[in-house]
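Please open the structure in your viewer and keep the selection tool at hand, as this tour moves from one selection to the next.

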Amino acid sequence: MDLEIRSVIHYCYLRGMDPLAAEAEMKPVYCKQMCHLKTIRNWYKRFDEGRSELSDMPRSGRPVNNSILESIKDLLEEEPFISAKRMCEVLNIPKSTLLLKLHNELGLVKVNLRWIPHTLTEENKKQRVELSCKILDLLEKGPSTWNSILTGDQTWIYWDNPQTSKWIEKGSERPTCPKLTISAQKTMITVFFGYRGIVLIKMLPKDKRFNSQYMVDDILPSLEEKVIRYRPKSGLKGIKLHIDNARSHNSKMTMQSISNYKIVRIPHPPYSPDIAPCDFWLFGKLKEYLKGKRFDSETELFDALLTFSMQISKNEITRVFNEWIKRLHEVIENQGEYVHK
């Protein structure tokens, strides 16, 4: 950053102006060369800590110089998320020069940040490890125990599912794909599956909301109706149910109903879709299957869901249970961090 701009920031600091006021004071004068508010705040912090020197501080292992390369490094240190366009404006250099320095001399590339469901606290990580151990103790007993495990969740399914990729001749115009909006017609479905395959697919009626009442009055009775076909004597009694920590799953009403059925609830750590089979496998596979399909009624949609469920083999379910075990081991070994796959 230009020494002159640092001097002005220092001047504003000495006048007792806050960073926002300093930014407003400087913007009309410096325009495109203006630094970000975050940079001003960083310098205010340094001044609060007693720094009065405005030039670059000596750095270990290399002399201070004013080369373009050093200016790029200084800028990235102050603003690691800065765009290439903004860097060119601040440093007053062509984009080609900037990219050459970034890629060839500094060995840097710009990447999209990896999405995570939640910023995990140390307590979250501890919970993830503890509860992963409990789930693992159950799963590692093998297929004899898997037969009594059911896992499930809810997701929205759109009626119109356009394709998002296509093979074209090199140099041809790139096809377009409409973006699905929040108002697009869709239906919430609940799916439960176990070692036998998909056990229940239920669509949320238009006149109902997915809440504890619906869970108790519709989902659990429907699940019992399906399970009793292959467990005629015990039904849901002794079934080990794995669901996440959605409010409708954890409410007193739902928990009491689960208890009444004598279901064993498998604990699931909060903020952990990476170790929930519906999230890391089923829903992604389902939505990929639905690509290119359009439905004019809920009946058509439901028929497609049934067809999908019948295509899932026992070998694939076995693979999913083994993947579940593998992911739980990774959470434990990595002290609660997310599984990035």
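Begin by selecting α6 (95–105), which gives three residues, the most from any element, to the lining of the second largest pocket; helices are DSSP runs of H or I with at least four residues, and strands are runs of E with at least two, numbered from the N terminus. This is a predicted model, in which local features need pLDDT of at least 70 and side-chain atom pairs count only at pLDDT 80 or more, while totals for chains, interfaces and linings use all residues. Residues are numbered from 1 along each chain as its sequence is written, and side-chain values use heavy atoms, without hydrogens or water.

Now move to Ser272, in the loop between β6 (264–266) and α12. Is Ser272 buried or exposed? Ser272 counts as buried because its relative accessibility is 3%, where buried means under 20% and exposed over 50%, with partly exposed in between (1.4 Å probe, protein chains only).

Finally, select Leu282 and show its contacts (heavy atoms within 4.5 Å): not counting residues up to four places away in sequence, Leu282 touches Val191, Phe193, Ile198, Pro277, Phe308 and Ile312.
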